[in-house]
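Let's take a walk through a protein together, one step at a time. Have a look at the sequence and the structure below, and keep them at hand as you read.

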Amino acid sequence: MQRVSVGRGGDFATIGAALSASDPAHPLTLVLAAQVFEEKVFCEHPAVRIIGQGMDQTVIRWHDGGFHPHPDGRKTGTFRSYTACFDGKLLCMENLTVENTAGRGEQHGQAIALAVYSETAHLKNVRLKSYQDTLFMGPLPDKERQPDGFLGPRQFAPRVPSRQYYEACEILGDVDFMFGGADAVFSRCQIHAVGQRSGFAAAPSGKADGLGMVFERCMFSADEPGSLRLARPWRSEGKAAFLFCETGNALAETAFDPWAEQAQTYTFIQYPAAQTPPFCKAATEQQVRQLQAQSRAHCDAVLQKITF
C-alpha cells in the first residue's frame, strides 16, 4: 500500500502530482494537509483513500461552471465542471471539504463539486458545497436527451453500477444538488438548500430494481423557509426514500414532482408522514423496515469492500 502526504511540508505539493506519481497496482492513501488545495482533480486510480484534517481545515476548491467556455471552444457543460472526479473501483474520503466556487447556476450553469463514478465509495465527515448539481453519483443514464448532454470523462464509457455510502456528511446546493444513477445511502447527513433559488435536493436516475437514493435520519434545512423540495426523477425509474428525516420549516408545500416523467414509474417515499405526499408511494411500517434492512446491507457491503 502507498501512503503519501500532500500539501505544506508533505511528499507532494498538489493532489494532482501525488496521483500522477502513484502506482495503480497498489492501493493509495493521500493524507492532505490543513490548507486549501486550489486545483481540479481527476483520479482514475483503482483504489484511493483521501484523508483531510477536518471539514474546515482541508478544502479542495475549483471554479468551473457549465456555462463557462472550455479550451475546446465549446461550453464546459455539466460533466466537465467538476472540482474533483473519481473513476476507479474503490474510493474513500474523510474529513475534508470539496467545493465548486463558480457561483450561482443562473449566471454560471451547473457546477459539480464532486463526481463519483467509482464502483464502491464511502464518504465520512465530508462537506460538498456548490449551487446547482453539487454531487453527481454515477453512472450516467443510458442515453442523452440533448447532443453532448453528457460531454465529459464518461460520456461514451460503459454504465458501471455504483454503490455509495455517505456518512455524517454536509451537502449544500440549490437545484438538483444530489443526482445520478448510483445506489446511495445517506446516513445522518446535513443537507442544506442555499439561497432563494432552492429547487430539488435529489434527482435520481437509477433503475427500478436498484436501491436508489435512501436518506435515513438526515437533517434538511434551507436559507429560505418553505423553499426546499425533496426530489424529482431525472429518469423514469428514479427512486428516492426519505426515512425518519428532520425537515423543520424547510419544505415547500409540494415536496415532490414528476418533472418530465408522466409514466409514474419513479418511486418516492417519505416516512413517517401524516398523509402520503403527492407523487409519493404509501409505505407501511413493514415495508420501511425492509428498506432499512436493505440499506444496512448496502452500507455493510460498501465498508467490507474498502479494507485498505
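Predicted model: local features only at pLDDT ≥ 70, side-chain atom pairs only at ≥ 80, totals over all residues.

Are Phe-79 and Phe-179 buried or exposed? Both of them are buried. The two form an aromatic pair, one of 18 that a search of the whole structure finds. A pair of aromatic rings is described by the distance of the centres and the angle of the planes. For Phe-79 and Phe-179 the centres are 6.1 Å apart and the planes stand at 45 degrees, which makes the pair tilted. Now find the two residues along the chain: Phe-79 is in the loop between strands E6 (59-62) and E7 (84-86), while Phe-179 belongs to strand E14 (residues 178-180), so their pairing ties together parts that are 100 residues apart in sequence.

Other rings gather in a group. Tyr-166, Phe-186, Phe-215, Phe-220, Phe-242, Phe-256, Tyr-266 and Phe-268 are linked into a cluster by ring pairs. The charged end of Lys-75 sits over the ring of Phe-67, 5.2 Å from the ring's centre. Arg-232 lies over the face of Trp-259, and here the distance to the ring centre is 3.7 Å.

Next, let's turn to the strands. Strands of a sheet pair through backbone hydrogen bonds, either parallel or antiparallel. In this model, seven strands make an open sheet in the order E4-E7-E9-E11-E14-E17-E20, and their pairing is parallel. Why do E4 and E20 each have one side left without a neighbour in the sheet? Strand E4 (41-43) and strand E20 (229-231) stand at the edges, so each has a single partner strand. On average, neighbouring strands of this sheet are turned by 10 degrees against each other, direction ignored.

E10 is mostly covered, with seven of its ten residues buried. Which strands does E10 pair with? Strand E8 runs parallel to E10, and nine bridges join the two; Val-98 has Leu-128 in E10 as its bridge partner. Strand E12 (residues 163-167) also pairs with E10 in the parallel sense, over five bridges, and His-122 stands opposite Tyr-165 in E12. Strand E13 (residues 170-173) runs parallel to E10 as well, joined by three bridges, with Arg-127 opposite Glu-170 in E13.

Between E12 and E13 there is a loop, and Ala-168 lies in it. With a relative accessible area of 28%, Ala-168 is partly exposed. Leaving aside neighbours within four places in sequence, Ala-168 is in contact with several residues, including Met-55, Asn-125 and Ser-187. Ala-168 and Cys-218 are 50 residues apart in sequence, and their C-alpha atoms are 8.6 Å apart in space.

Asp-87 lies in the loop between E7 and strand E8 (90-100), and its relative accessible area of 13% is under the 20% cut-off, so Asp-87 counts as buried. The side chains of Asp-87 and Arg-154 are joined by a polar contact of 3.2 Å. Not counting residues up to four places away in sequence, Asp-87 touches Cys-43, Glu-44, Tyr-117, Ser-118 and Arg-154.

Ser-227, in the loop between strand E19 (219-222) and E20, is buried with a relative accessible area of 12%. The side chain of Ser-227 reaches the backbone oxygen of Glu-224 at 2.6 Å. Ser-22 is found in the loop between helix H1 (15-20) and strand E2 (28-32), and it counts as buried at 15% relative accessibility. The side chain of Ser-22 reaches the backbone oxygen of Leu-19 at 2.7 Å.

Methods
Residues numbered from 1 in each chain as written. Heavy atoms only, no water. Pairing = 2+ DSSP bridges. Helix = DSSP H or I, 4+ residues; strand = E, 2+ residues; numbered from the N terminus. Axes fitted to C-alpha atoms, helices over the stretch in contact; angles between N-to-C directions. Phe/Tyr/Trp six-rings, centres within 6.5 Å; stacked < 30°, edge-to-face > 60°. Buried < 20%, exposed > 50% of the residue type's maximum accessible area, 1.4 Å probe, protein only. Lys NZ or Arg CZ within 6 Å of the ring centre and 35° of its normal. Polar contact = N/O pair within 3.5 Å; in protein donor to acceptor, adjacent residues only side chain to side chain. Contact = heavy atoms within 4.5 Å.
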